[in-house]
Amino acid sequence: MSNEVNLEKILSFVVDTYMVEIDEIPLDESLIDEGIIDSFGLIELASFLEKAFLIPITDTDLTRDNFGSINKMIALVDRKKSNA
Amino acid sequence: MLNNIERCSKCIQSKNFPKIKFDENGVCNFCNKASKSTEIEASLIDNAKIKISDLFDNKVKSGEYDAVVCYSGGKDSTYVLKLAVEKYGLNVLAFTLDNGYIAEAAWKNIRKVVDGLGVDHWVYRPGSGNYKAIARASAVTDVYRKNTLTRISAICNSCISMVNITALKIALEKKIPFILAGFTLGQIPINAIIYKNHYKFLADSRKESLDKLRKEVGDVVDDYLCIKDELINEVKEYPHNVNILCVEDITETEIKDAIAPLGWVSPGDVDGCSSNCMLNTFNNYVHEEVFGYNPYEMELSHLIREGLMTRTEALGKINDRPVEQIEPIMASLSIEKNDIIAVKNVYDSKP
């Protein structure tokens with residue numbers, strides 16, 4: 001699956017779940033800092049990535065480095081898929 | 001009060017709810033979206049049921065208790081306590097945060113239920129002045145982002161954060177693997193039925209509101225809403241939060257019937273949306289004044305869509321409010337009408 005498809009999947013989830021328009025979602029900023037998600041949003045996103053991309057998200061993956069922006073989440077998915 | 005406000009013709013979400021749109025039949029976009037996603041939701045709930053069974057069946061007992069149950073004394077957490085003990089066979093520690101506003105009838109329920117189920121019970125009462133200062137700051141300053149408050153009032157959010165953090169402290173200190181609470185779908189998202197309560201990961205999402213609370217109240221907020229590094233740095237595995245009520249297909253009447261044999265009765269001195277806390281009417285009043293909609297709209301609308309409540313019942317619940325309690329509560333929190341107008345202006349000035 002290409003990064004473009006992964007991006008589309010994640011953006012579609014964020015639009016559907018958090019009542020934002022696609023052009024309001026920054027790719028390189030934290031969704032928390034932008035006020036788009038709260039703590040439940042982080043939990044939901046981690047669960048969504050696991051189910052949508054069939055990858056295991058472990059405790060050590062739960063960091064700002066991996067969830068600090070849409071592009072960081074795509075990079076996490078990419079790494080997990082490559083290591084599978 | 002929002003008696004005559006335009007609402008969805010199927011649920012009770014009103015025209016002031018963020019991002020709401022009505023179609024030509026007066027049906028909101030949330031109802032239209034929900035009718036398309038029911039199948040996905042059903043599959044997520046089925047998966048959650050399997051995972052809950054797996055987690056409880058394979059629990060590794062490292063301490064005295066299997067689960068800490070956040071027990072407010074309301075009908076939902078009473079039912080969760082009953083399920084934990086009788087359906088899942090867990091050895092639980094019930095925990096109640098006494099915020100000073102729990103109705104007397106609710107305390108009677110709490111005592112009857114914990115005795116009836118034979119569970120240990122731990123009550124934690126924050127210092128009254130500190131609790132009131134945090135509640136006041138939550139109500140009259142923009143502590144939380146607008147999107148955090150779509151399904152909960154600001155004071156309830158601070159109070160529930162206090163409950164969650166205290167429950168996590170108890171679980172970590174006593175090595176309890178599960179934290180249970182009386183949340184229903186509508187109050188929490190479907191992907192949050194089961195999750196690891198990873199304090200460090202979630203700390204990022206709490207930083208802004210904690211900083212604002214510290215500015216208003218002082219560092220004392222850390223005693224109630226943070227966990228000390230000494231405890232967190234020793235954590236090898238965080239407990240799971242498991243919201244078992246979310247996988248039960250049950251109506252409010254069925255819940256009340258199920259807990260009645262334990263001696264639980266509906267308290268008469270709270271509003272239609274709460275079965276334990278006397279702050280609720282005031283909290284909803286502030287939310288309506290500031291944002292123009294009731295914080296229970298989303299939760300009750302979810303129950304309507306699931307066929308677990310009628311629209312008439314839901315409207316009855318949000319309109320059932322002992323308004324005579326509002327002024328005394330405002331006085332007890334040192335809040336004046338102008339404080340509420342001021343915070344409304346702050347939120348109105350934000351996108």
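**View 1. Arg125(B) and Asp98(B) joined by their side chains.** In this predicted model, a polar contact of 2.9 Å links the side chains of Arg125(B) and Asp98(B). Polar contact here means a pair of N or O atoms within 3.5 Å; within protein, one must be able to donate a hydrogen and the other to accept it, and residues adjacent in sequence count only if both atoms are side-chain atoms. The two residues sit 27 residues apart along the chain, yet their C-alpha atoms are separated by 4.6 Å. Setting aside neighbours within four places in sequence, Arg125(B) is in contact (heavy atoms within 4.5 Å) with Asp98(B) and Gly100(B). You'll find Arg125(B) in the loop between strand S3 (120-124) and helix H4 (128-140) of chain B. Helices (H or I, at least four residues) and strands (E, at least two) are DSSP runs, numbered from the N terminus. With 49% relative accessibility, Arg125(B) counts as partly exposed; the scale is buried under 20% relative accessible area, exposed over 50%, partly exposed in between (1.4 Å probe, protein chains only).

**View 2. Strand S2(B), covered on both faces.** Six of the six residues of S2(B) are buried, so the strand is largely enclosed by the rest of the structure. One side carries Val92(B), Ala94(B) and Thr96(B), the other Leu93(B), Phe95(B) and Leu97(B). S2(B) pairs with S3(B) in the parallel sense over five bridges; for two strands to pair, DSSP must find at least two bridges between them. Leu93(B) has Asp120(B) of S3(B) opposite. To get from S2(B) to S3(B), the chain goes through helix H3 (residues 104-117) of chain B in a right-handed β-α-β crossover. Right-handed means that, with the strands pointing away from the viewer, the path from the first strand over the helix to the second runs clockwise.

**View 3. Strand S1(B) and its parallel partners.** S1 (residues 67-70) of chain B also has both faces covered, with Ala67(B) and Val69(B) buried on one side and Val68(B) and Cys70(B) on the other. Four bridges tie S1(B) to the parallel strand S2 (residues 92-97) of chain B. Across from Cys70(B) is Phe95(B), and across from Val69(B) is Ala94(B). The link from S1(B) to S2(B) runs through helix H2 (residues 75-87) of chain B, again as a right-handed β-α-β crossover. S1(B) also runs parallel to strand S4 (residues 178-180) of chain B, with three bridges between them. There, Phe178(B) is the bridge partner of Ala67(B).

**View 4. Asp76(B) in helix H2 of chain B.** Asp76(B) is buried, at 14% relative accessible area. Not counting residues up to four places away in sequence, Asp76(B) touches Gly182(B), Thr184(B), Leu245(B) and Ile255(B).

**View 5. Where chain A meets chain B.** Here 25 residues of chain A contact 22 residues of chain B. The two chains bury about 2200 Å² between them, 60% of it on carbon and sulfur atoms; that is the accessible area (1.4 Å probe) that two parts lose on being put together, summed over both. Two salt bridges are counted between the chains, each a side-chain nitrogen of Lys or Arg within 4 Å of a carboxyl oxygen of Asp or Glu. One of them joins Asp59(A) and Lys196(B) (3.1 Å, N to O). Helices H1 (3-18), H2 (39-53) and H3 (64-67) of chain A each supply at least two residues to the side that touches chain B, and H2(A) gives the largest share, seven residues.

**Notes.** Residues are numbered from 1 along each chain as its sequence is written, with chains lettered from A and ligands numbered from 1 in the order in which they are written. Local features need pLDDT of at least 70 and side-chain atom pairs count only at pLDDT 80 or more, while totals for chains, interfaces and linings use all residues; side-chain values use heavy atoms, leaving out hydrogens and water.
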